[in-house]
Number of protein chains: 2
Amino acid sequence: MLVVQKYGGSSVATPERVRAVAARVVRAVRRGDELVVVVSAMGDTTDDLVALAAEVVGDADAAVRHSREMDMLLTAGERISMALLAMAIREAGEGAVSLTGSQAAIITDGAHMSARIKEIRGDRVRAALEQGNVVIVAGFQGVSAAREITTLGRGGSDTTAVALAAALGADRCEVYSDVRGVYTADPRKVPEARIIPQVSFEELLELASAGAQVMHARAVEIAAKYDVDLRLGSAFDTGDDTIGTFVTRKPQRMEELVLTGVAAKSGQAKLVLNGLPAGLRTVTAVLVGLAEAGISVDMISESAGSEGRIELQLTLDDELVQEAGDLVSAMLPGMGGGGIVVRRGLSKIALIGSGMHRRAGVYARAYRSLLEKEIEVYAVSTSGITITVLVEEARQDDAVQALHEAFTLELIGEDPATGAAAGER
Amino acid sequence: MLVVQKYGGSSVATPERVRAVAARVVRAVRRGDELVVVVSAMGDTTDDLVALAAEVVGDADAAVRHSREMDMLLTAGERISMALLAMAIREAGEGAVSLTGSQAAIITDGAHMSARIKEIRGDRVRAALEQGNVVIVAGFQGVSAAREITTLGRGGSDTTAVALAAALGADRCEVYSDVRGVYTADPRKVPEARIIPQVSFEELLELASAGAQVMHARAVEIAAKYDVDLRLGSAFDTGDDTIGTFVTRKPQRMEELVLTGVAAKSGQAKLVLNGLPAGLRTVTAVLVGLAEAGISVDMISESAGSEGRIELQLTLDDELVQEAGDLVSAMLPGMGGGGIVVRRGLSKIALIGSGMHRRAGVYARAYRSLLEKEIEVYAVSTSGITITVLVEEARQDDAVQALHEAFTLELIGEDPATGAAAGER
């Protein structure tokens with residue numbers, strides 16, 4: 001079986017951790033697997049390099065003014081971790097070679113600090129595998145057609161791993177971090193939270209964009225597009241390699257579940273424009289004005305007010321709401337009047353599950369559970385597999401807890417300690 | 001004028017130092033020069049990376065067992081310094097791009113940790129220069145025909161700079177370190193020591209191999225072969241850029257000098273084999289035996305003893321003399337007998353100057369100056385431009401001082417403080 005494994009920065013933060021990862025890799029090799037390993041920079045290396053650049057240029061905007069050189073600088077990080085990991089695997093008695101993004105022919109566009117992968121030519125990786133090596137590939141980095149060094153931006157190493165798995169036709173991509181899998185809710189907040197044993201790409205995407213600490217949405221999109229089976233688990237688990245969350249197009253489940261998880265994201269705000277003149281023109285003008293100022297809007301809802309006027313409600317990041325409010329206020333007179341109400345300090349709670357809409361009363365149950373805890377809902381939005389509500393930040397944890405309880409999410413996860421499904425106990 | 005400048009690790013050890021080097025580079029650009037800048041890794045970066053590898057593999061032999069991965073690891077060092085320097089130059093308002101050894105097409109053989117440069121294709125460097133950039137090239141590193149990352153071993157960054165200057169047809173290669181030039185003797189030992197304003201390649205080579213803290217002999221050889229004019233100076237001098245030592249094929253001097261410098265190297269030993277059967281066969285057997293054991297011999301002299309027997313005297317590194325002595329002792333019976341005397345704790349003092357042999361009495365003056373200080377000479381050897389003597393380590397500084405005085409070396413240097421030739425005062 002050809003497996004791509006990815007280890008994040010905390011997994012290789014120290015020489016001891018590098019050796020521990022090497023031991024995991026060697027175990028997989030001795031089980032008979034062919035291994036390609038994607039690594040991030042060790043621990044805080046990237047942050048340290050960014051700080052060094054800030055010292056040299058005198059402020060924190062080195063990446064803005066010198067993105068090409070920033071890429072050159074940051075790519076030093078994976079070079080260090082991958083060379084050390086190759087040494088550790090060789091010390092343990094297996095063949096290993098490390099390859100830079102350039103050597104592994106990870107071809108990107110030329111957008112420094114946020115490049116997109118255009119193509120991966122797997123020849124060199126395959127040749128090194130055929131020679132009996134574990135092939136270690138630098139995460140996060142690539143090379144443009146003009147032979148410029150690039151980095152992939154946020155979620156870069158996950159993206160490298162999944163894209164490599166797709167290009168090589170790997171049987172699976174295993175993404176290891178310091179988290180044991182995808183939880184039904186944040187286990188620091190909800191003690192009953194369980195690891196979700198199987199999840200679909202779509203559910204994982206919703207969880208990722210809703211703020212759950214899982215793989216980066218960008219990497220999940222590639223996995224979904226190229227049908228790369230994923231396994232998300234902890235690099236710190238040394239035992240059973242079947243623990244973790246498996247992500248596939250069609251998860252094998254005992255029954256179609258209502259919800260797979262609850263995720264939360266604080267720092268949200270709401271902007272209500274009331275008494276606007278009705279019509280598509282008004283709404284369009286507001287949205288275009290915000291977009292041109294680079295302000296992303298999250299949820300949108302529109303409702304009829306009195307006297308042919310409408311109310312437009314937008315949610316967005318709290319740190320953008322001041323600018324957005326000022327911008328829209330200035331537009332109101334030209335559009336024919338209207339008022340503004342800003343509500344800050346909100347959290348977004350998402351309930352995710354592909355089976356949600358086959359069950360009756362899901363909305364009702366969600367609202368009832370919040371009502372029982374006297375948690376006010378400031379906005380709501382739904383998709384095929386999610387319900388998203390906005391609540392006060394101070395009630396975020398209560399809301400997650402209430403929803404998790406209401407849908408008895410503990411029934412769908414596994415007990416991390418025993419590996420047994422919680423419902424079997 | 002096209003100039004290649006090289007800055008060593010101490011010259012770019014901190015963000016402040018990187019900015020100071022950028023200021024120097026920018027000054028040269030604004031004088032109208034085209035600049036290619038070769039940098040080493042910052043300060044102790046290379047040592048830190050070596051220590052990290054030692055931690056991962058559990059001993060200090062990572063470079064021996066994992067030379068390919070060691071090259072991958074160490075090349076991260078220049079990546080960091082060159083990216084930061086490019087940022088600093090850009091901040092100061094001039095164009096700059098950094099290029100890895102691979103991007104600058106520094107093609108080497110495949111010998112990891114000690115690669116030799118085979119070819120430099122200057123196209124990409126030239127193109128970047130033509131676009132108005134300062135081109136910063138990673139020192140010490142290259143790429144093999146098989147696209148493997150290599151490093152050049154000791155003196156690597158100096159070698160990169162000189163080889164680049166040769167390949168680009170640069171007008172000059174300026175090598176900056178924390179030393180202000182080549183001194184007539186070690187200024188910490190000989191207060192009268194002066195910077196040598198001009199020196200030939202051959203003299204610099206002799207000084208380098210005799211232990212003077214100057215450029216690596218390997219880089220000097222390339223400069224001599226391709227006739228690359230050098231300037232050696234300090235990156236910490238901010239003032240007059242004409243200070244330093246200029247190295248050319250034919251130095252312009254007021255008069256042909258007797259000596260240009262005195263250099264010393266401790267840790268030497270002498271091995272005397274007496275009562276050996278005469279004949280080339282005996283000497284050859286000893287030298288072949290040592291060479292096959294990987295023991296390098298420095299000076300050799302042979303003299304007739306009594307009764308058709310000869311005495312063979314060898315000098316070598318003190319740390320090798322025990323092994324050499326044991327080896328030769330074991331050979332003696334088979335060669336027809338003979339004895340061994342070992343003398344350890346010696347220093348080698350070299351007097352260097354291309355004009356030496358045109359002046360009468362140089363040997364006499366050298367010996368007399370040592371005799372006056374009662375410094376015993378344990379061995380002597382000469383070449384066209386050098387006299388080398390072995391003295392006790394305890395007398396090393398006295399010997400350097402005595403020889404420096406005897407040849408009034410202070411007359412040929414410049415006073416670093418005023419830049420005026422010392423003889424003019």
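1. Two strands are said to pair if DSSP finds at least two bridges between them; strands (E, at least two residues) and helices (H or I, at least four residues) are DSSP runs, numbered from the N terminus. In strand β9 of chain B, B:Glu174 stands opposite B:Gln5. Strand β1 (residues 2-7) and strand β9 (residues 172-177) of chain B run parallel and are joined by five bridges.

2. The model is predicted: local features need pLDDT of at least 70 and side-chain atom pairs count only at pLDDT 80 or more, while totals for chains, interfaces and linings use all residues. Residues are numbered from 1 along each chain as its sequence is written, and chains are lettered from A and ligands numbered from 1 in the order in which they are written.

3. In chain B, eight strands form an open sheet of mixed pairing, in the order β3-β6-β2-β1-β9-β11-β12-β10. Its edge strands, β3 (95-99) and β10 (198-200), each pair on one side only.

4. Helix α1 (residues 15-30) of chain B lies across β1, β2 (34-39) and β6 (133-138) of chain B. This helix runs at about 160 degrees to β2(B); axes are lines fitted to C-alpha atoms, for helices over the stretch in contact (C-beta atoms, placed from the backbone, within 7 Å), and angles run from 0 to 180 degrees between N-to-C directions.

5. Chain A contains 12 helices and 18 strands. The C-alpha atoms of chain A fill a box of roughly 80 × 60 × 35 Å, taken along the principal axes.

Methods. Contact = placed C-beta atoms within 7 Å.
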